[in-house]
Amino acid sequence: MAKGDPGVTTTRGRRAAPRAKRTAATAGGDPELVQLLTPAGERVESAFGPDGTEYRVDFTDEEYRGLYRDLVLVRKLDAEATALQRQGELGLWASLLGQEAAQVGSGRALRSQDMAFPTYREHGVLYCRGIDPIMPLGLFRGVDQGGWDPNEFKFNMYTIVIGAQTLHATGYAMGVHMDGKTGGDDGEAVIAYFGDGATSQGDVNEAFVWASVFNAPLVFFCQNNQYAISEPLERQTRVPLYQRARGFGFPGVRVDGNDVLASYAVTRHALDNARHGQGPSLIEAYTYRMGAHTTSDDPTRYRIASEVEAWQAKDPIARMKAFLEKQKIADGSFFAEVDEQARAESVHLRERVLAMPNPEPVSMFDHVYPHGSPELDEQRVQFSRYLESFEGSAH
Ligand SMILES: Cc1ncc(C[n+]2csc(CCOP(=O)(O)OP(=O)(O)O)c2C)c(N)n1
Ligand SMILES: [Mg+2]
């Protein structure tokens, strides 16, 4: 687990890994992109955002290895979930493949008091919040509604309605602010995850307005994975998404979402600003959905193989591994040990999914209201009678 605290303008110099300072002018690649680890695994000492903020990280070797472990584990567990769906054990799965760094970087940047509002794809953030990775599989298997306690883990339920969670997060963050829980290092911040396609939703734009004018301690974290199912980014926007923030009155930054270090640094900075009462901001994590939208989708129908191959060269795990090797922070035995842990955890996950009991049909009435309602009680009775009518029949 990475506990490093990236100073924004200072470094504690525990490692001599950084090689170069990257600015908007010298970046060479995309000048709009905050990047601290190149696709080849070269460390960049610091990078500047569009408002001049300097981003850097300063992790211990152990913390760097911890981030790598997180990336490998969430990818492996995700692959296991996809396989389970293919074998008919889940109804559906929305894979995070390719987006591990955006999720682990931002997820590890959260402090324990911070609250997260996910979509349906944030399995990596869920993992970082300490939630048992089996929880979303219960949801996608259809045997429960998710199962975790949002308050206990500071991680709300998955939201399938595109963009709706940004409004929930805005209301929650406004409440945090009104309760006086912002203003210091121990202040609370909120993060809302959503996709590039969600930026076209009214809900998201309304959330931007409300968060802005009420100075809500909220980080809007947009994973731009280039597609909303089959709709490419150019059908959603004529400007880079992070630039939209300016029109709503708060800062925006685009980060390399395949770079776990930059994702961490940018998110930590934005959350700390929010907790100190400086209001909302937008992070556009520029990444790529390497797999299908969900297991119901066939991306070969709408995108070409060369595009996918180009993004394969920017793989978030490969670059972290190259960095660890180059800097001699990890060796072959470490990588083998992580692979073995990932294998063992995915086998364990599979065994537990297969053993999940089917719920009693009437239990669907149990979690609608905390204390039930007369109408619901009546429906439960009717439904029970309906089920009883099958007793003794062959069907
Ligand atoms: C309000 C609403 N409209 C439509 C859908 C159907 N839908 C499910 S996922 C999706 C695309 C979302 O794309 P994006 O926001 O980029 O997120 P991604 O799936 O790429 O992570 C759509 C339109 C929905 N779930 N909710
Ligand atoms: Mg998308």
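Colleague: At what angle do helix α1 and helix α12 pack?
Modeller: In this predicted model, helix α1 covers residues 61-86 and helix α12 covers residues 332-354. Their axes lie 9 Å apart. The angle at which the two helices pack is about 35 degrees.

Colleague: Is the crossing of α1 with α12 left-handed or right-handed, and how many nonpolar, polar and charged residues does the contact have?
Modeller: α1 passes α12 in a crossing that is right-handed. Sorted by class, the contact of α1 with α12 has 13 nonpolar, 2 polar and 9 charged residues.

Colleague: Is Leu-349 buried or exposed, and which residues does Leu-349 contact beyond its neighbours within four places in sequence?
Modeller: Leu-349 has its place in helix α12. Its relative accessible area is 1%, so Leu-349 counts as buried, the limit being under 20%. Leaving aside neighbours within four places in sequence, the residues in contact with Leu-349 are Leu-77, Glu-80, Pro-133, Ile-134 and Leu-137.

Colleague: Which residues does Ser-346 touch, not counting those up to four places away in sequence?
Modeller: Ser-346 is found in helix α12. Ser-346 is buried, with a relative accessible area of 2%. Apart from residues up to four places away in sequence, Ser-346 touches Lys-76, Leu-77 and Glu-80.

Colleague: What distance separates the C-alpha atoms of Leu-349 and Tyr-127?
Modeller: Tyr-127 lies in helix α3, which spans residues 123-128. Along the chain, Leu-349 and Tyr-127 are 222 residues apart.

Colleague: Which residues are in contact with Tyr-127, leaving aside its neighbours within four places in sequence?
Modeller: Tyr-127 is buried because its relative accessible area, 16%, is under 20%. Tyr-127 and Val-74 are 53 residues apart in sequence, and their C-alpha atoms are 7.3 Å apart in space. With neighbours within four places set aside, the residues in contact with Tyr-127 are Asp-70, Leu-73, Val-74, Leu-77, Arg-108, Pro-133 and Glu-345.

Colleague: Is α6 roughly parallel or roughly antiparallel to α7?
Modeller: The axes of helix α6 (residues 164-178) and helix α7 (residues 202-213) come within 7 Å and cross at roughly 15 degrees. Angles under 35 degrees count as roughly parallel. Therefore α6 stands to α7 as roughly parallel.

Colleague: How many nonpolar, polar and charged residues does the contact of α6 with α7 have?
Modeller: The crossing of α6 and α7 is left-handed. On the α6 side, the contact is made by Ala-164, Thr-166, Leu-167, Thr-170 and Met-174. On the α7 side, Asp-203, Val-204, Glu-206, Ala-207, Trp-210 and Ala-211 take part. By class, the contact has 7 nonpolar, 2 polar and 2 charged residues.

Colleague: Against which elements do the buried residues of α11 pack?
Modeller: In helix α11 (residues 316-326), the buried residues are Pro-316, Ile-317, Arg-319, Met-320, Ala-322, Phe-323 and Leu-324. These buried residues pack against α1, α2 (100-109), β10 (252-256), α9 (260-275) and α12.

Colleague: Which residue with a positive phi follows α11?
Modeller: At the start of α11, a side-chain oxygen of Asp-315 comes to within 3.0 Å of the backbone nitrogen of Ile-317. After α11 comes a residue whose phi is positive, near 55 degrees, namely Lys-328.

Colleague: Which side chain does the side chain of Glu-54 join in a polar contact of 2.6 Å?
Modeller: Glu-54 has its place in strand β4 (residues 54-55). Glu-54 is buried, with a relative accessible area of 10%. The side chain joined to that of Glu-54 by the 2.6 Å polar contact belongs to Ser-46.

How values were computed. Residues numbered from 1 in each chain as written. Chains lettered and ligands numbered in written order. Predicted model: local features only at pLDDT ≥ 70, side-chain atom pairs only at ≥ 80, totals over all residues. Heavy atoms only, no water. Axes fitted to C-alpha atoms, helices over the stretch in contact; angles between N-to-C directions. Helix = DSSP H or I, 4+ residues; strand = E, 2+ residues; numbered from the N terminus. Left-handed = near helix turned anticlockwise from the far one by under 90°. Nonpolar A, V, L, I, M, F, W, Y, C, P; charged D, E, K, R; others polar. Parallel < 35°, antiparallel > 145°, perpendicular 65-115°, else oblique. Contact = heavy atoms within 4.5 Å. Buried < 20%, exposed > 50% of the residue type's maximum accessible area, 1.4 Å probe, protein only. Polar contact = N/O pair within 3.5 Å; in protein donor to acceptor, adjacent residues only side chain to side chain.
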